[in-house]
Each structure stands twice: as C-alpha cells, then as structure tokens.
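Work through the exercises below with the structure in view. Each task is followed by a solution in steps.

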Amino acid sequence: MTARRRVGEHLDGGTAHHRDKMHPTALMYYPGVRHRQSPAGGGFDPPEFLRLAGHPLRWRLLGELARSDRQVTELTELTGKPQNLVSYHLGLMRKGGLVHGRRSSFDGRDTYYAVDLARCAGLLAQAGGALHPALMLAPPPPQPDGADVSVLFLCTGNSARSQMAEGLLRSRGGDRVLARSAGSHPKPVHRNAVKVMGEHGVDLTGARSKHLDEFDGDRFDYVITLCDKVREVCPALPGDPEAVHWSTVDPAGQPDGVAAFRRTAAELAERIGFLLHQLGRRRHELGS
C-alpha cells in the first residue's frame, strides 16, 4: 500500500481515531503539503568572509593589520611564521579584497599592508545574515562618557595629512577625544587641505603647523604616523603610547591637485570612523 493511499484512508475513511490523528511522516507524501528544498549545488558554501578569514594565521594577520599598517617582515616577526607563508596568506586576502598593499613613500622596496575594515564589515554582516536574518550586524551604540583619550597624528610637514586627521578627529570625537598633530619638518598648512576640510565641515583656517618638539614631555594614548618616513624616525614618546601607522599618500605630491586631497580626506575619514570605535572601547574600559 502506498503512502498516498494510506493518507487517503486517513482522510476519507477509517475510524474517527484515524481521521483525527495522522502520522507526521504521511504528510511528506501528501500532495497538498509543500516542502522547502535545500539549496542545490554550493548553496551551503561558507560565506566569503569566513572562507578568507577563517584560517588561524589569516585571522591573526587581520588582527595585527586592524591595529596598524605593517610590512611583511613585521608580520613575520609578530606571528612567528616563515615569511613565505605570511606572504602566501596575505596574497589570498589581497585577492579577496580584505587587505591591500602600498609601496612605502620612504623606501620603495618596502610595502605596507592595510586591512580594508569597511569591506570586512560588509562581508561580516553578510555572513551573519546568510545564517539567520537576526544575525545581521548593526553599529554598536555610542559609548558612555568616560576618561578622555588623547591622540597625536604625525607626518613630515604637518601641512596636510596630519592636519586633516586632527581636524576630522576633533570634529567627530568632540570633547571625548584630545586630538593633536605635528611634523618632523613643519611647513605652512596647505591651502587644499583647508579647502577640502571645509567640504567636510572642518575649519582649518586658523590651523598652524607644529614641530613634534612642541609636545616633548606630553603624554598621549595613541601616536598615529601617517608618513612612512616619519614612522622610521619617530622618537620614543613618554607614557608608552600605542604606536599605530597609517601608510597614507601625501596628496601634496600628487599631480591632480585638489582631487588628491579629496581622496586623502575620504581615506582618513573612513579610518577615523573605525578609530572612534577603538577609542570608545578604551574610554569605556578606563571609566569602568
């Protein structure tokens, strides 16, 4: 006797007991019941972010690059893994768009690697949503008030990159963050930096360039170098600040003028957006 026939007997005949109680397996064959099919082929393949970041070494590399831009030799030292193995995994993540490399402006033989946090955030949200809609990521709520966090931005001339970074952090961090900037060889603030920051709602008309000696003896929680050369010559600062490097192209040295400054501003705005989450967590820890 087929399952469908048994179902018919349950529905059209038999005892009242049979009509009222139908075995669940019989429903599998009943023509009026629809079943959701599993995706065919690769429907259950892990999301892209999990495939790229799921390897222990790649996850470690992403963690190091989330803190600061690094050279391969530094990543080799930090992870304790052979350079060829580190380079191989960096290559996979570059191909997947999680990290990118940029030639050092100080020594063209070196390459600084950086993580694309915006792309990671998007892929991570997709990974959660692929498992269940309730796991789609949302931005964390603002951190409660706590202790101030201080940040010093450094570049060579303190005329563009570091001034722009300071202005953006001042604007977005408000009273919660103390932002300063300086240079190893200061020169006047670039007019295009003032113009482009005005487009971001940041007024640099009264800004002046400063030598890093002006902050000799001051203590900062973070020192962020934006110039590859300054990173190599930056002296040790008191208070053991966290040293971070953002390998950023000098827009004043690019041929397309104000357009280069707009690219730099966009890159700095994105980096500072992520930095604020780090600073918020630090303030929360200090305030707890």
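Predicted model: local features only at pLDDT ≥ 70, side-chain atom pairs only at ≥ 80, totals over all residues.

**Exercise 1.** Find out how many disulfides the structure holds, and then look at the sulfur of Cys155.

*Solution.* The structure holds 0 disulfides. Cys155 is accordingly in no disulfide, and its nearest cysteine sulfur belongs to Cys227, 6.5 Å away. A disulfide needs two cysteine sulfur atoms within 2.5 Å.

**Exercise 2.** Describe how the residues of strand β3 point, and state how many of them are buried.

*Solution.* Strand β3 covers residues 149-155. Val149, Val151, Phe153 and Cys155 point one way from β3. Ser150, Leu152 and Leu154 point the other way. Residues on both sides are buried, which gives 7 of 7 for the strand.

**Exercise 3.** Which strands are joined to β3 by bridges, and how many bridges are there to each?

*Solution.* Take strand β4 (residues 177-183): 7 bridges join it to β3, and the two run parallel. Within this pairing, Leu152 stands opposite Arg180. Next take strand β5 (residues 222-225): 4 bridges join it to β3, again in parallel. Here Leu154 has Thr225 as its bridge partner.

Note on methods: Residues numbered from 1 in each chain as written. Heavy atoms only, no water. Buried < 20%, exposed > 50% of the residue type's maximum accessible area, 1.4 Å probe, protein only. Pairing = 2+ DSSP bridges.
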